[in-house]
Amino acid sequence: AQLHYSVPEDREPGFSVGDLAKDLGVEVRSLAARNLRLVSEGGQRHFQVDLAAGVLLLDSRLDREALCGQSPTCSLHLQLVMENPLQLHRVEVDVLDVNDNAPQFPKPEVVLEITEVANPGTRLPLEVAEDPDMGTNSISTYELSPSKHFALSINVRGDGVKMPEIVLEKALDREKVPVHHLTLTALDGGNPVKSGTARVTIHVLDANDNPPVCDPPISKVLLEENVPVGTLVTKLNVTDLDEGPNGDVEYSFKTSNNAPGKFTKLFSLDARTGEIRTKAPLDYEESSAYEIAVRARDKGSPAMEGHCHLRVELIDINDNSPEIVLTSVSSPVQEDAAPGTVIALIGVKDSDSGDNGQVRLQIAKELPFKLVSSFKEHFSLVTSGPLDREKASGYNITVRAVDSGSPQRATQKTFYLRIADVNDNAPNFSSPFDTAHVQENSLPGTSVFSVSASDPDEGSNAKLSYSILDNGMQDAPISTYFRIDQDNGTIYTVRALDYEQDKVFQVPVEVKDAGSPALSSTTVVHVFVLDENDNAPSIVYPSVPKGSAFHQAIPALAEPGYLVTKVVAVDADSGHNAWLSYQLQESAEALPFQVERRSGEIRVAQALRESEDSHRLVVEVRDNGTPSLSASVVIVISPEENSVQDFSKSLDLPQPSSEDTNLTLYLIISLVSISIVSCVMFGLVAARC
């Protein structure tokens, strides 16, 4: 907001200028909590804030003339800063003029000379009285004491200043009255009226009766600022009707002793030609116009003089670049900041005037920020869209100020805005499931697999910890089989695994970050137990006690190829470890029997002799594992007359147990489930791609 107050210049310190709390719309008791403070733009402190009452007070007595000189307006600019939230308010205080200064002439006595042959209408310029007050309190008029020969004429200069002149109304006679004494009074327009006087002494001279005349007496010249030194401003046109020395004119600047004109430092005057040139750089921002008074004096005796008044008005050119002031910057800003959040307060100013001083602020369009005008020459930088630290952790914001001059002048200022992280991203596994293999009977603590997740957040929001969830798919909790390192995600066995008991495990792993609130995600690791040859073959037929032999009778005249019996064995292992082969152990005598390597069938290899006794065979069953494991059975074959083997009874093999059937069913279900899940996940990945 912008507040506007006014205060007369003669008020004492402590005078109440305005009710800040009321005008700002805030409660008085909140001013101290919001750290209301006053910043003067001019560097001098003239005001203070009463936080208890919420009013703006004078801190010192104001002198408008000392503060603003002859400026028609006098304003003091202040800034009020409040925090929580951060707000900037501008206060403009107009210092009102009071009639506290009386008009005063540069000299208390003015001595003029006039020739006795001067014609009625001859004008004698007088020095202008000075009154520091402005407006109606400045000089309003002049009065001249009554005189038979002289009257007072008042002309108005280009800048509105009234210039008194004494006008000869009746011819003079030096022999009768050689000297005239008058009183000139300057009156201001205040209430009550103040005045100042000067004594005017006019000496009547003889001879040189034509003064130099400036044509026109008052002129105006337009000149661009920053023209080169030595540039011709104008050449005065002065004529003197006299001849000889009485018509030879010399020029000089006319200044008062107690207030020499500033223009004499900037302009030079050729005393002989009347040319006025620049002798120093001119700056519109320092002064937009100069009033130059020139005295044209002839060389007559007595000398006569004329007066020329020249007003030099400067044309502003765009010679000042805009200036950017960062009042406040809030960095870092949370990435979840709502659109419209104030990021920075920015001020801009340009010393030029008109279009040259009109400044526009710009920032890059692709940035998620925009500039909002608070009030004249003050802007707020606010968010215009969502921020994402994971895409951009900070922004180099370049604010560019461009004026409307021709050619344009621009300046820019860059500052870095850091984006603070919030926990808005859950940890993410590279795959929703993984597959691992582990050998059965591995020692507890064996590393099985390492899962890895990533989190684009930073700091504690990206600090991850891993844990295993219990899925209830095994008879015992999954944590009794596996554990996980919560820091690096490595999965270890807790105990030795038995392939024959559990062939596959589904291990759900959860990863959780340390943000608040914490975010998490899960993956499933399918751990397949690899079989080890840890089970020897088991002979299920013939079934004999350990250390005993199986007796089998065959016909004495059995032909070669005759099926004697069949050895049947099983192995709890799987794959190659369960591939069984049958063979006869070597013996000292040649046996007329042979065993089929794969089927275990024992057949007659050659014809038996009638007198042969029984034969003792040792059948060894060996698996295909590494190292290979084996089992053996002793079979005693006795040839007998009229012996017939009933293999429908002798080969009464045991049927598979329900436990083996259930185990096979579980394995099939697991393989089908894994295949279905794999197909679904591949389909989802393909759809996302």
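Predicted model: local features only at pLDDT ≥ 70, side-chain atom pairs only at ≥ 80, totals over all residues.
Residues are numbered from 1 along each chain as its sequence is written, and side-chain values use heavy atoms, with hydrogens and water left out.

The overall division of the chain comes first. An automatic or database domain assignment supplies the bounds: domain 1 covers 6-96, domain 2 covers 109-205, domain 3 covers 213-315, domain 4 covers 323-420, domain 5 covers 428-530 and domain 6 covers 538-640. Between the C-alpha centres of domain 2 and domain 4 the distance is 60 Å.

The cysteines may be considered next. A disulfide is defined as a pair of cysteine sulfur atoms within 2.5 Å, and the structure holds one. Its partners are Cys214 and Cys308, whose sulfur atoms lie 2.1 Å apart. Because the torsion about the S-S bond of Cys214 and Cys308 is about 125°, this disulfide is right-handed. The pair links distant parts of the chain, with Cys214 in strand β15 (residues 213-214) and Cys308 in strand β23 (residues 305-315), 94 residues apart. Strands (E, at least two residues) and helices (H or I, at least four) are DSSP runs, numbered from the N terminus.

Both Cys214 and Cys308 are buried. Here, buried means under 20% relative accessible area, exposed means over 50%, and partly exposed lies in between, for a 1.4 Å probe and protein chains only. Cys679 is in no disulfide, the nearest cysteine sulfur being that of Cys689. With 56% relative accessibility, Cys679 counts as exposed; Cys689, at 83%, is exposed as well.

Aromatic residues supply another set of contacts. Rings of Phe, Tyr and Trp (its six-membered ring) pair if their centres lie within 6.5 Å; planes under 30 degrees apart count as stacked, over 60 as edge-to-face and the rest as tilted. By this rule there are eight aromatic pairs. One of them joins Phe429 and Tyr466: the ring centres are 6.4 Å apart and the planes stand at 50°, so the pair is tilted. Distant parts of the chain are linked by this pair, since Phe429 sits in strand β32 (residues 428-429) and Tyr466 in strand β36 (residues 464-468), 37 residues apart. Phe429 is buried at 8% relative accessibility, and Tyr466 is buried with a relative accessible area of 8%.

Tyr481 and Phe505 form a further tilted pair, with 4.8 Å from centre to centre and 50° between the planes. This pair also links distant parts of the chain: Tyr481 lies in the loop between β36 and β37 (482-484), whereas Phe505 lies in strand β39 (residues 504-513), 24 residues apart. Tyr481 and Phe505 are both buried. Together with Phe482, they form one aromatic cluster.

A charged residue in a buried position also deserves attention. Asp434 is located in strand β33 (residues 433-439). Asp434 is buried yet has no salt bridge, and the nearest side chain of opposite charge, Arg688, is 14 Å away. In this count Lys and Arg are positive, Asp and Glu are negative, and His and the chain ends are not counted; a salt bridge requires a side-chain nitrogen of Lys or Arg within 4 Å of a carboxyl oxygen of Asp or Glu. Leaving aside residues up to four places away in sequence, Asp434 touches Phe449, Thr523, Val524, Val525 and His526, where contact means heavy atoms within 4.5 Å.

Asn84 and Pro85 are joined by a cis peptide bond with omega of about 0°, and Pro85 lies in the loop between β6 (75-82) and β7 (87-96). Asn84 has a positive phi of about 55° although it is not a glycine, and Asn84 is exposed, with a relative accessible area of 62%. A cis peptide bond also runs from Ser331 to Pro332, with omega near 5°; Pro332 is found in the loop between β24 (323-329) and β25 (333-334). Asn441, a residue other than glycine, has a positive phi near 70°. Asn441 lies in the loop between β33 and β34 (447-450) and is partly exposed, with a relative accessible area of 36%.
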